[in-house]
Amino acid sequence: MNDKAKWDPQAVQGIIASLQHKPGALLPILHGIQNALGYIPPDSVPMIADAIQQTRAEVHGVITFYHHFRLTPPGRIKLEVCRAEACQARGSRDLEFHVKEKLGIDYHQTTLDREFSLEPVYCLGNCACGPTIRVDDDIIGRITPEKFDLLVDELTTTALEIR
């Protein structure tokens, strides 16, 4: 589950300061911020640009070039569907269609209730067990539309304690 921190300029400045002197510091800084917050806040772009003496456009260009980086906070659960050839041979295209229809979103979008963010990924290294998805850090193979529906139900169900 996603329990990332909220936008905190001082925390971001600390990440930048700790990484800005590394060779090729931009990518380590972007990874550091996204690992801490779950996304790259647009307000952090000028801070990054100033620290590494690049333009805001150059920093923004790198962020938008790599699909890994997000400019908006992700949903509570990050869901990735493998689109590599082995998973496609095992039915991932049909699974993709089902996942998008079930969640009501396309790739790079988040559900309105902010529960799920959906991203494509191009190999989760689980080729023999495709189609494969990743839910946050958990890789799950042999996913069918039925198994996906059960998984979504489990992920969105809250246990109540009855006294």
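Which residues form one aromatic cluster? Phe65, Tyr66 and Phe69 do, and the views below take a closer look. This is a predicted model, in which local features need pLDDT of at least 70 and side-chain atom pairs count only at pLDDT 80 or more, while totals for chains, interfaces and linings use all residues. Residues are numbered from 1 along each chain as its sequence is written, and side-chain values use heavy atoms, leaving out hydrogens and water.

**View A. The aromatic pairs.** The whole structure holds 2 aromatic pairs. Phe65 and Tyr66 are edge-to-face, because their ring centres lie 4.9 Å apart with planes at 90 degrees. Tyr66 and Phe69 are edge-to-face too, with centres 6.2 Å apart and planes at 90 degrees. (Rings of Phe, Tyr and Trp, the last by its six-membered ring, pair if their centres lie within 6.5 Å; planes under 30 degrees apart are stacked, over 60 edge-to-face and the rest tilted.)

**View B. Cover around the cluster.** Phe69 is buried at 8% relative accessible area, Tyr66 is partly exposed at 38%, and Phe65 is exposed at 59%. (Buried means under 20%, exposed over 50% and partly exposed in between, using a 1.4 Å probe and protein chains only.)

**View C. A nonpolar surface patch.** Leu27, Phe65 and Tyr66 make a patch of about 310 Å². (Patch residues have over 30% relative accessible area and no salt bridge; nonpolar side chains, namely Val, Leu, Ile, Met, Phe, Trp and Tyr, are joined within 5 Å, and like charges within 9 Å. A salt bridge puts a side-chain nitrogen of Lys or Arg within 4 Å of a carboxyl oxygen of Asp or Glu; areas come from the Shrake-Rupley method with a 1.4 Å probe.) Leu27 is partly exposed at 33%.
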